[in-house]
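Open the model in your viewer and keep the sequence panel beside it. The stops below go from one selection to the next.

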Amino acid sequence: MIQSDDLRFFLEVARTGRLVSAARGLGVEHTTVGRRVTQLERSAGTRLFDRTPSGWGLTEAGQRLVVHAEAIESSLLAASEELGSARGRLSGTLRIAAPDGFGAFVLSPGLGPLRAAYPDLTIEIVTATRLNLLATREFDVGIALEEPTTRGVLSRVLAGYGLSFYASSGYLARAGRPESLADLGGHSIIGYVDSLLDIPALRFLDTALPGVRPAIQTNNVTGQWMAVVAGLGVAVLPDFVAAQDERLVRVIEETRIERTYWIAVPAEHQRLARARAGESALLELVIGHDYLWAA
């Protein structure tokens, strides 16, 4: 029968990928870690790690066991917190999947409180502006631009945000300031690569400027922002990206677009302490942000 204490050694090796690193984190000799993992494999009746010169990688059986081992770990941490004990050491890796704009301009600079609360937790931010970002479910907490439809993922609205037309002061001095959507027909437009854009919520140019093809196209909002800063044209940018950038000017002020972010957690991760910590941190981040509003 599997012994729960062996799972602690198993998780540390799974997270670090090396026996010596796991031993250092656990405060024991590496031989002890190796012995406990071997004991667990014997009890489980299967090999949990592939031992290679580059490190210890999980086998398919090991990957399945991680979910159960982390659930046990999370339950113990939750019990400690509920009974008023000192907060347990929350370690391992928290992976957050997010659209590139949210990940770069909201999440990354807003990680301070989460890092302060859980200094032993490694945080991975995986970004992309594609519908399939959450499809693999290889994340603990996900942020989506539309309500996720992936099976086995539980979701709810996280926050609303606004987008507006922006240009640099230098560009406006050369090309003139557009006062209406009709005026944009004579301007250089910056937008997404149409053939790579599979999220309807980001197709705001199709509605605002039907038939207008952006002169500069990039598949991420950071590239669009930098192109606008460089004075190459006008783009629709999230206010949380552009409103505080003194190099940029909001134009056509009567036109403002509103969109929604969704938060998603795989059903099997709902009880994991790291997922709960990440979800709570995101909710707090939204509440305190100047350009997001809680739903």
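How are helix 5 and helix 9 oriented to each other, roughly parallel or roughly perpendicular? Before selecting them, note two points about the source. This is a predicted model, in which local features need pLDDT of at least 70 and side-chain atom pairs count only at pLDDT 80 or more, while totals for chains, interfaces and linings use all residues. Residues are numbered from 1 along each chain as its sequence is written, and side-chain values use heavy atoms, with hydrogens and water left out.

**Stop 1: helices 5 and 9.** Select residues 100-107 for helix 5 and 221-229 for helix 9. Helices here are DSSP runs of H or I with at least four residues, strands are runs of E with at least two, and both are numbered from the N terminus. The two axes come within 8 Å and cross at roughly 70°; axes are lines fitted to C-alpha atoms, for helices over the stretch in contact, and angles run from 0 to 180 degrees between N-to-C directions. Helix 5 and helix 9 are therefore roughly perpendicular (65 to 115 degrees; under 35 is roughly parallel, over 145 roughly antiparallel, the rest oblique). Show side chains for Asp100, Gly101, Ala104 and Phe105 of helix 5, which meet Val221, Thr222 and Trp225 of helix 9. Contact means heavy atoms within 4.5 Å.

**Stop 2: Thr218.** Step back to the loop between strand 8 (216-217) and helix 9, where Thr218 lies. Thr218 has a relative accessible area of 18% and is buried (buried is under 20%, exposed over 50%, partly exposed in between, with a 1.4 Å probe and protein chains only). Not counting residues up to four places away in sequence, Thr218 touches Gly191, Tyr192, Val193, Gly223 and Gln224.

**Stop 3: Glu179.** Go to the loop between helix 7 (169-175) and strand 7 (189-191) and select Glu179. Glu179 counts as exposed, at 52% relative accessibility. Its contacts, leaving aside neighbours within four places in sequence, are Ile252 and Glu254.

**Stop 4: helices 2 and 3.** Select residues 19-26 and 30-44; the axes of helix 2 and helix 3 come within 8 Å and cross at roughly 105°. That makes this pair roughly perpendicular. Among the residues making the contact are Leu19 and Leu26 of helix 2 and His30 and Val33 of helix 3.

**Last stop: the whole chain.** Zoom out to 11 helices and 11 strands. The C-alpha trace spans about 75 × 40 × 35 Å along its principal axes. Of the 295 residues, 47% count as buried.
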